[in-house]
Amino acid sequence: MKDTSKKNTEPIKKVKVEVVKIKTETIPLEQQILNFLTQNSSLLLYSTLILIYIIAFSTRLFSVLRFESVIHEFDPYFNFRSTKYLVNEGIYNFINWFDEYSWYPLGRIIGGTVYPGLMVTSAIIYWVLNFFHLNMKIRNICVFLAPLFASNTAIVTYLFGKEVFDKRVGLLAAAFIAIVPGYISRSVAGSYDNEGIAIFALINTYYLWVKAVNTGSMFWSALCALGYFYMVAAWGGYVFIINLIPLHVIVLLISGRYSNRLYIAYCTTYILGTLLSMQISFVGFQPVQSSEHMAALGVFCFLQAYCLTNWIRSMLTPVQFYTLFRIGFIFISSFVTIALAAGIATGYISPFTGRFYSLLDPTYAKQHIPIIASVSEHQPTAWASYFFDLHVLAFMFPAGFYFCFKNISDGSIFLILYGITSIYFSGVMVRLMLILAPIACVLAAVGFSFTLRAYMRYLKSENSNNKELPQFENRNQIALFIVVAITIIFIFFTIHCTWVTSEAYSSPSIVLAARGQGGSKIIFDDFREGYNWLKHNTHQNAKVMSWWDYGYQIEAMANRTVLVDNNTWNNSHIALVGKAFASTEENAYEIMKSLDVDYVLVIFGGLIGYASDDINKFLWMVRIAGSTDPNVKEADYFTPNGEFRVDSEGSSTLLNSLMYKCCYYGFGTITTEANRPPGYDRVRNVEIGNKNFELNYLEEAFTSEHWLVRIYRVLPPDNRS
C-alpha cells in the first residue's frame, strides 16, 4: 500500500502574474440615460401610460376633497335614482319601469325613454365588486365613475393617436386629454351624466374604425360595431358617429382611396352596428327610419352600387359599360327619388328633429323651440371659451391639420373630417365643446410631436455633422430654444388646466360656496335643506310644482311627485307650468288645482346674490308658455321702454305674477346690505317694487337659511285666507 502521508519535498515554482489594465472610455451621464431609455423603451412607455392614467383620475377629485362625495348638477340625480332602481329591482323591471313620480298626471316609462348605458355600466361594476365581496355603496360608484372612464379615455386616445400616426403622437394626445378642461367639465367626480362614459365610447369607436380600415379585418370591424353599440346605449350623441363615418367613406371614395379594406370595414360595422343599436328601446327602428340616419344607409347602398359597377365594368367593353351605366343610373336615381318621396309622404321616414335643425341654424331654437333655447348649455360658444377650455391646444389645432395633410393617409383624413365638423358644432352649441376637446388633443399632439421631432434632430450628437438635415445658422441654438419654449408651454398648459379644474369645474351646483370678507369659505347647503324638508314634512303622495330644472332633484332627493322635470319631452305640459308661474295668483290657483298641486317650490337668489334663480329664468317661462298659448305675451312683462325690471318701474303684469310673489314674499322687510333700503335684490341690484302684498291662495311653508329655496303650500278652497 502506497504511503500517502509522505510530504511532497519538491520545490514550488514561482509564477509571475501580470496585471493588465483595461482602458475604459468614460460615457457621459446624458448618454447613459439615453442608452437606458432606448434599451427600456417599453418600460418607459407603460410607466408613462400608468402615470397618465393616475393623473387623469386624481385631477378630477377636487370636488370630493373640497366638499364631499356628492352627485352634481340636475340630470345626474335622475341617473343616480335610475341606477339605484336597476340595482335593487333588476334589469327586467328597470326596462318596464313606469315612474309615477314624474310628469304628473302623465307619468313616464323610464325603460323606453333613456339611454341605459350609464346605469348598466354602474350596476355591472357594483355587481362585480359585490361578487368578490368588495362592498361599495352604489352612490360612490356613481360619483367616481366619470373619473374612472376619463382614465380609460386617455388610454384609448393613446391607441387612437398611435393607430393614425405613432406612439409619440398617442402619448401626447393621452397626456392632453387627461387634463384638458373641455373634457374635465363633464367628467369630474360627481358628474354622473351620460357624457362621463360617452367620450370614452366615442374615441373607442373611432379608434376601432380607423383600425378596421387600416387592416380590412372583419374582427376589428365587428369590435367597432360593438363599440358603436355601447356608444348608442350611452348617449344620444351617437348620431355624430353614424354620420361622420359615412362621410369618411365618401371622402375616401372621392379622393380615389377606395380599397377592399374600406368595403369590409364599413359593411361589417354598419350592418352589425345597426342591428345592435336597434336593441336599445329608446332607439328602436330609428336607424332605418329617421332622417338623421339616412346618410349612413345611403352610403351603404352607394358602396354596394360602386362595387357592382366596378365588377360589371370588368366584364364589359367600354361602350357596353357606358350604355348600361346610363340606363342603370337613370333607373336607380328614379327609384331612390320615388322611394324617398313615398317614405316621407307616408311618415315612414321621420323628419329631422328640432335639435338637429338647431345645429344647422343657431337661431332656429329661439324662434321655434324656446324649451331648447332656454338651456344655457345650448347657447352659442363665446370665443373666450375656446381658450378657457383648450388653452394652447386651440393654437396648435391648425398645425395638426397641416401635418395631417402633409402625411396623408386614411386615418389622417378621418382626423381632418372629425376636426372640421367638431369645430362647426362646437361653435353652434357650447355643450358640444365636449366633442371638440378629444380631437383638439389629438391634432395638437400631432402638431407638437412633428414640431419637436423636427428640432430635436439637431440636438442629438450623432446628427451634429449630418449634411442631410436642413442647414441654417445657429441651428442648434434655435432648436434648443424651440424645445425649451414648448416645454414651458406645456408647464403653463398644466397650470391652467389644474386651475380651471379646481376653481371652475369642481363646484357641485347642489352645494354652493363663496368667500367671506375675511377670505373664509361660506357653504350654502339650501338645496339639500329644502329637499329634506319636503321629504320629511309632506305626505308621500304630495305633488310639487316647480320649474323643470329642479324636477330630477326633487324626485331623487325629496322622493316626491313633480309635474315636470329635466326630460322636457312634453313641451305643452311645461308650457302649462310656465303659464301658471306667469299668471296672477288667482289664475294660477285654477291651473294648480286642475293639476292637484300641493306645494310650489321656487329658487330665489336675491338675498345671497345667486344669479341662476327663477326670476332670471322667468322670461323663458313666459316664452315657453306663449309658444302654446298666444294669450301669454312676452311684451306684457316688460316696461314701455322694453326693460325687464323688478323695481317700482317694472311691469304690473310681472309684479303681480305668481313667480314674483313666491320669490319676494316677505322680502320687502329684509335688509340685505348696509346702506341699502329693505327689499334690496342683490342679483338685480334694485329695490323691489311690490313689497307689501299678501298671499290669498298659498301660504309659506318653508324658507331655507339663505332664502335660496322657498316652498309654499297650496290652500284648499275652504281654507283660503
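Student: What percentage of the 721 residues of the protein count as buried?

Tutor: 49% of them, with buried meaning under 20% relative accessible area, exposed over 50% and partly exposed in between (1.4 Å probe, protein chains only). This is a predicted model, in which local features need pLDDT of at least 70, side-chain atom pairs count only at pLDDT 80 or more, and totals for chains, interfaces and linings use all residues. Residues are numbered from 1 along each chain as its sequence is written, and side-chain values use heavy atoms, leaving out hydrogens and water.

Student: What does the secondary structure come to?

Tutor: There are 31 helices and 11 strands. Both are DSSP runs numbered from the N terminus: helices are H or I with at least four residues, strands are E with at least two.

Student: And what does the C-alpha trace span along its principal axes?

Tutor: About 130 × 90 × 75 Å.

Student: Which residues have the most contacts inside the largest nonpolar core?

Tutor: Trp 209 and Val 600, in a core of 209 residues. Helix 23 (residues 433-456) gives the most to this core, 16 residues. A nonpolar core here is a set of buried Ala, Val, Leu, Ile, Met, Phe, Trp, Tyr and Cys residues joined through side-chain atoms within 4.5 Å.

Student: What is Trp 209 in contact with, leaving aside neighbours within four places in sequence?

Tutor: Cys 224, Ile 245, His 248, Val 249, Leu 262, Ala 265, Tyr 266, Thr 269 and Phe 414. Contact means heavy atoms within 4.5 Å.

Student: Switching to helix 15. Which of its residues are buried?

Tutor: Met 294, Ala 296, Val 299, Phe 300, Leu 303 and Cys 307. They pack against helix 12 (238-254), helix 13 (260-277) and helix 14 (286-289).

Student: How far does helix 15 reach from its first C-alpha to its last?

Tutor: 32 Å for 22 residues (294-315), close to the 32 Å expected at 1.5 Å a residue. The expected span is 1.5 Å times one less than the number of residues.

Student: Salt bridges next. How many is the count?

Tutor: 28, where a salt bridge is a side-chain nitrogen of Lys or Arg within 4 Å of a carboxyl oxygen of Asp or Glu. One of them joins Asp 166 and Arg 453, with the closest N and O atoms 2.9 Å apart. That pair links distant parts of the chain, 287 residues apart: Asp 166 is in the loop between helix 7 (138-164) and helix 8 (167-179), Arg 453 in helix 23.

Student: What about Asp 410, which side chain does it meet in a salt bridge?

Tutor: The side chain of Arg 261, at 3.8 Å, N to O. Asp 410 is in helix 22 (residues 410-428) and Arg 261 in helix 13, 149 residues apart.

Student: Is Asp 410 buried or exposed?

Tutor: Asp 410 counts as buried because its relative accessibility is 8%. Arg 261, at 31%, counts as partly exposed.

Student: Where do Glu 377 and Arg 431 lie?

Tutor: Glu 377 lies in the loop between helix 19 (370-373) and helix 20 (383-390), and Arg 431 in the loop between helix 22 and helix 23, so the pair ties together parts 54 residues apart in sequence. The Glu 377 to Arg 431 bridge is 3.7 Å, N to O.
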